[in-house]
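Biologist: Please take me through this model one piece at a time. I will ask as we go.

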Amino acid sequence: MKRYSILNNLGTCYFCGKPREAIHEVWFGKNRQTSIKNGFCVGLCTYHHNGSNEAVHFNIQNDLILKRLYQKEYEKTHSREEFIKLIGRNYLDEWKMEILIYIWNFQSNKELLYFQGFKRF
């Protein structure tokens, strides 16, 4: 299936405007095909895709910027419930995103975390 973007931004890197070197599925893993089918794809340069600490594969803040942007765009023509049914969670809830960033930062530093309801790994 051909990748497309509901934001029509595949030609250049979303973050810096350089020519696109990769098409990134905003939701990957188990939701990769859902991203492809629904236009949740974005153009990125190598630096912002997987070539630096700013890359969406290594930087949760940049990853969440894209997830929130595409959810907002999707919800212009669909309901929040439809989005959650499609992807499995709401990315526009601020406090939950702050918790995810907090956890990511601790895991990235290989530190252990006790947090409401989270187990130590």
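**Starting from a tryptophan**

Modeller: Trp27 counts as buried, at 3% relative accessibility, where buried means under 20% relative accessible area, exposed over 50% and partly exposed in between, with a 1.4 Å probe and protein chains only as cover. This is a predicted model, in which local features need pLDDT of at least 70 and side-chain atom pairs count only at pLDDT 80 or more, while totals for chains, interfaces and linings use all residues. Residues are numbered from 1 along each chain as its sequence is written, and side-chain values use heavy atoms, with hydrogens and water left out.

Biologist: Where is Trp27 found, and what does Trp27 touch?

Modeller: Trp27 sits in the loop between β1 and α1 (32-38); helices (H or I, at least four residues) and strands (E, at least two) are DSSP runs, numbered from the N terminus. Leaving out residues up to four places away in sequence, Trp27 touches Arg32, Ser35, Phe40, Lys67, Tyr70, Gln71, Phe83, Ile87 and Tyr91, a contact being heavy atoms within 4.5 Å. With Tyr91, the side chain of Trp27 also makes a polar contact of 3.4 Å, that is, a pair of N or O atoms within 3.5 Å; within protein, one must be able to donate a hydrogen and the other to accept it, and residues adjacent in sequence count only if both atoms are side-chain atoms.

Biologist: Which residues of α3 are buried?

Modeller: They are Ile60, Asn62, Asp63, Leu64, Leu66, Lys67, Arg68, Tyr70, Gln71 and Tyr74. The helix α3 has 15 residues and reaches 21 Å from its first C-alpha to its last, close to the 21 Å expected at 1.5 Å a residue, where the expected span is 1.5 Å times one less than the number of residues. At the start of α3, a side-chain oxygen of Asn59 comes to within 3.0 Å of the backbone nitrogen of Gln61.

Biologist: Let's turn to the asparagines. Is Asn9 buried or exposed?

Modeller: Asn9, in the segment before β1, counts as buried because its relative accessibility is 15%. Its side chain makes a polar contact of 3.0 Å with the side chain of Tyr70, and, not counting residues up to four places away in sequence, Asn9 touches Tyr14, Cys41, Val42, Gly43 and Tyr70.

Biologist: What about Asn8, buried or exposed?

Modeller: Asn8 also lies in the segment before β1 (22-25), but it counts as exposed, at 71% relative accessibility. Its phi is near 50 degrees, a positive value in a residue other than glycine.

Biologist: Which side chain does Asn90 make a polar contact with?

Modeller: The side chain of Asn90 makes a polar contact with that of Gln71, at 2.8 Å, although the two residues are 19 apart in sequence and 8.1 Å apart in space, C-alpha to C-alpha. Asn90 is placed in the loop between α4 and α5 (94-108) and is buried, with a relative accessible area of 18%. A polar atom of its side chain also lies 2.8 Å from the backbone nitrogen of Leu92.

Biologist: What pLDDT does the chain average?

Modeller: The average is 84, and 77% of the residues score at least 70, pLDDT being the predictor's confidence in each residue, from 0 to 100. Over residues 109-121, however, the pLDDT is below 50, and beyond near neighbours in sequence this stretch has 15 contacts in the model. Where pLDDT is low, the predicted coordinates should not be read in detail.
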